[in-house]
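Keep the 3D view open while you read.

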Amino acid sequence: MSEFAWLIPAVMALSALTILLFGKRMPRHGAEVGILALGVAFVLSVLVAVEVFSANVAAVAEVEEAHSVQSVWEVGGREVTLVVDAAEGGEAAEIPAGVHEFRLEQSTELSPIGGGFSIEAGTRIDGLTAMMFLLVSFVSLMVHVYSTGYMHGDPRYTWYFTLLSVFTFSMLLLVIANNLLMVVMGWELVGVCSFLLIGFWWEEKANSDAAIKALLTTKLGDVGLMVGVVGLWSEFGTFNITRIYEGVAAGDFDQGLLTFSLLALFIGAVGKSAQFPLHTWLPDAMAGPTPVSALIHAATMVTAGVFLIARLYPVYQASPTTLTVIAIIGVITLFAMGLLALVQDDVKRVLAYSTISQLGYMVAALAFSYTAGIFHLFAHGFFKALLFLGAGSLIHAVHSNNMSDMGGLRKPMPVTFATFVIGSAALAAIPPLAGFWSKDEVLAGAFGAGGYSGTLVTVLGGLGGMITAFYMARVLWLVFAGEFRGNGHPHESPAAMKWPLVVLAVPAALIGFVNLPFDFAHPRGFAAWTMFDLAYFEGHPVEFNLLLALGTTLLALLGIAAATAIYRRRAAVANDPMLRLGLFTQVLQNKYYLDQLYMGVIVRPLRDRVAPAAYWFNDHVLDRIVNLAGAGAVGLGRVTYRTVDQRGIDGVVNGIGSTANYTGNLLKFAQSGNVQLYAGALFVGVFVLGVLFAVA
Amino acid sequence: MQAVYPLVFSAALFCVGVYGVLSRRNAVLVLMSVELMLASVTINLVAFGAILGAGADPLLTGQVFALFVMAVAAAEVGVGLAIVLLLYRNRASVNIDDADLMKY
């Protein structure tokens, strides 16, 4: 089945083209094509995932079997059986020959460039790819279905679905790529699509500003990505990911250059995955339609950076410095950005900051454990999509993003309420929902790794969990409890929007059970499914730490309790105590003054000084040079015309003509008509010739 | 037999013909002078034929050529006199100085 995995992005590309060309003439204006294509893509993803996951589990089982045989030792006449668990210490586990993880590469070499170097287009199917396929196609399918309700009657409905298809296609391309050039292609396509979708309602200046901000901020990181890709190429001489793995395993690289390249790549991931300090575009990206926010936050855009780090996980392992940087950036992001969610009134902005914070968890986790990072990515994708679609449902009902216009929505919107609670609880890491298992794995991984950065991640991650629980409880109370504060009569959303919520609530609640940290599930769960290389298989990486799990749960419950105590009575934003904490509130409401800093230090000098200066330079210097060159060419041409052409060439031609004319005028008198004269000339000529011959 | 007698005779005859062609005004006389030149050439041919073919194996080429020249000359005179006749009909004159229209 995996040989046909390339069909998954291909079917989305086809869908995009079909919607673009014929969508307007279809009965449902193109939406049905996108949903059908995604249905196909999802079924294919499931088939691919089943094949990949089962092959991986079989490989792990074989490794275990080989180990139980190998670990019978003879010590001093006695037979000692050492049961070495393959999962316990991944590096110690020796992989028997012939056993390997599922990996399928198909590649076409494009025209060679020369110098023994050529560009390839290829696919790489492994555990990570299969997992991303599942996540992207499922979430995107839900978003498509939901959008038919949310975007109903929009003047650019067909164009919207075209963009959704392209967006999904781009992410799938990024995921399936077997070389970094294709990753960059997918990456940039994702960026363009997000730009178009964030600015989808560009009639309002704020929306197009947000789109430009998102594009430029991520583009800043993309510079790093390009530098990193080229750096890795100069190090290993290839863009192919497998060969880069092999290069790292062989150990023939320059540590300094590798660290530099990886840090540069990480800057790309920082931009795309909205890590501190390039996170500022993400809250503004809420300007786009809410289903798009769900897609961006859960599946297609911000996960790209995390995916990139996971894809290059073995390479990152070779550079401890980079891992520390990743952990620190992640922990700053997860904690500081979580705090910002406390003072937001816009429900989508709360979710946006929570996304940034959760992305911080993923990035920080990848510094310690591959499985923890991508498991959080996987689980978070479902419940964050659920939350955003739920928020969209709220906004659809009250026609406002602000929680000050909501309140008391539990009665009129029961489905939204129930699913939103599930999503919030999952995000707040309440057991046994998805978020609990994934976040616990992140923290346990960091705790198990220990060290300075590990401790930092554990402590701040735990506190961040409390903050998360607090602000999600705050949202729940402000939105669903108390009296309705807005205008009109809110009502439950249409079925097209309701059912995706219900469907998404299932994995949001249950997906954690694919990776239970206990022995009975271990080590053949999620960790085995999604491994990309047995050499980096962590088994069940992290031992379940009951104390840690209890502690984080307690912190989360504490957060919820605090929020309940504060907001149960005064469920109104006007007298929100969070907004009355003086300096604390002020700093948070101004987003740590980062936007002002960027405006003042980067945007304004660039826009008000550098750009006009460049414009002046262009206008007065470059244009003048160009004009001078043009005028010079015209003058030169005129001179050439007058001298060379008119005098020289024409002179020669005319001269030949007039010479012939002149001589003809002279010679015409010889033609006298007197025959005897001619005959005389003839005889004289014969005589002369005769004399000449006689002499010669 | 020496070659010089017929050749000198022939050359003199040719010169007389040339003089006649160049100096006569009457077209008929010009034609007659041309015939003189042809006759001198014919004498040359006969003379050389006789001198070179004097051995045991007589060479008849010269004589044959002389007959050819006579035949051609007769034809030529026929054409020439016809032209002169037409000239006279048109102009009532056979003075070739009057027939100089083909000029610049």
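First, the ground rules. This is a predicted model, so local features need pLDDT of at least 70 and side-chain atom pairs count only at pLDDT 80 or more, while totals for chains, interfaces and linings use all residues. Residues are numbered from 1 along each chain as its sequence is written, and chains are lettered from A and ligands numbered from 1 in the order in which they are written.

**The two chains**

Chain A has 24 helices and four strands. Helices (H or I, at least four residues) and strands (E, at least two) are DSSP runs, numbered from the N terminus. The radius of gyration of chain A is 36 Å, against 26 Å from the globule rule for 696 residues, so chain A is more spread out than a compact globule. That radius is taken over C-alpha atoms, and the rule is 2.2 Å times the number of residues to the power 0.38.

Chain B has three helices and zero strands, which reads as α-α-α along the sequence.

A residue counts as buried if 20 or more other C-beta atoms lie within 10 Å of its own, exposed if 12 or fewer, and partly exposed in between, with C-beta atoms placed from the backbone.

| Chain | C-alpha extent along principal axes | Residues buried |
|---|---|---|
| Chain A | roughly 140 × 85 × 50 Å | 50% of 696 residues |
| Chain B | about 60 × 25 × 25 Å | 10% of 104 residues |

Now for contacts, meaning two residues whose C-beta atoms, placed from the backbone, lie within 7 Å. Looking at pairs in chain A with a separation of 6 or more, 80% are between residues 24 or more positions apart. In chain B, 50% of the contacts between residues at least 6 apart join residues at least 24 apart.

Where the chains meet, nine residues of chain B are in contact with 11 residues of chain A. The chain B side of that has seven nonpolar, no polar and two charged residues. For those classes, Ala, Val, Leu, Ile, Met, Phe, Trp, Tyr, Cys and Pro are nonpolar, Asp, Glu, Lys and Arg are charged, and the others, Gly among them, are polar.

**A helix pair in chain A**

Have a look at H11 (residues 303–311) and H14 (residues 347–366) of chain A, which pack at about 10 degrees with their axes 10 Å apart. The axes are lines fitted to C-alpha atoms, for helices over the stretch in contact, and angles run from 0 to 180 degrees between N-to-C directions. H11(A) and H14(A) are therefore roughly parallel, a label for angles under 35 degrees. On the H11(A) side the contact uses Val306(A), Ile309(A) and Ala310(A), and H14(A) answers with Leu359(A), Met362(A), Val363(A) and Leu366(A). By class, that makes seven nonpolar, no polar and no charged residues.

How many of the residues of H11(A) are buried? Nine of its nine, and that list runs to Thr303(A) and Arg311(A) too.

**The core**

A nonpolar core here is a set of buried Ala, Val, Leu, Ile, Met, Phe, Trp, Tyr and Cys residues joined through C-beta atoms within 7 Å. The largest one holds 213 residues, and Ala385(A) and Ala508(A) touch the most other members. Helix H15 (residues 370–398) of chain A gives the most to this core, with 19 residues. Leaving out residues up to four places away in sequence, the neighbors that Ala508(A) touches include Phe382(A), Phe383(A), Leu386(A) and Ile422(A).

Most residues other than glycine have a negative phi, and most peptide bonds are trans. The loop between helix H8 (255–272) and helix H9 (281–284) of chain A holds Pro277(A), and a cis peptide bond joins Phe276(A) to Pro277(A), with omega about 5 degrees. Ala274(A) sits in the loop between H8 and H9 as well, with a positive phi of about 55 degrees. Ala274(A) is buried, with 31 other C-beta atoms within 10 Å.

Ala92(B), in the segment after helix H3 (61–91) of chain B, has a positive phi of about 60 degrees. Ala92(B) is exposed, with 8 other C-beta atoms within 10 Å.

Note on methods: Parallel < 35°, antiparallel > 145°, perpendicular 65-115°, else oblique.
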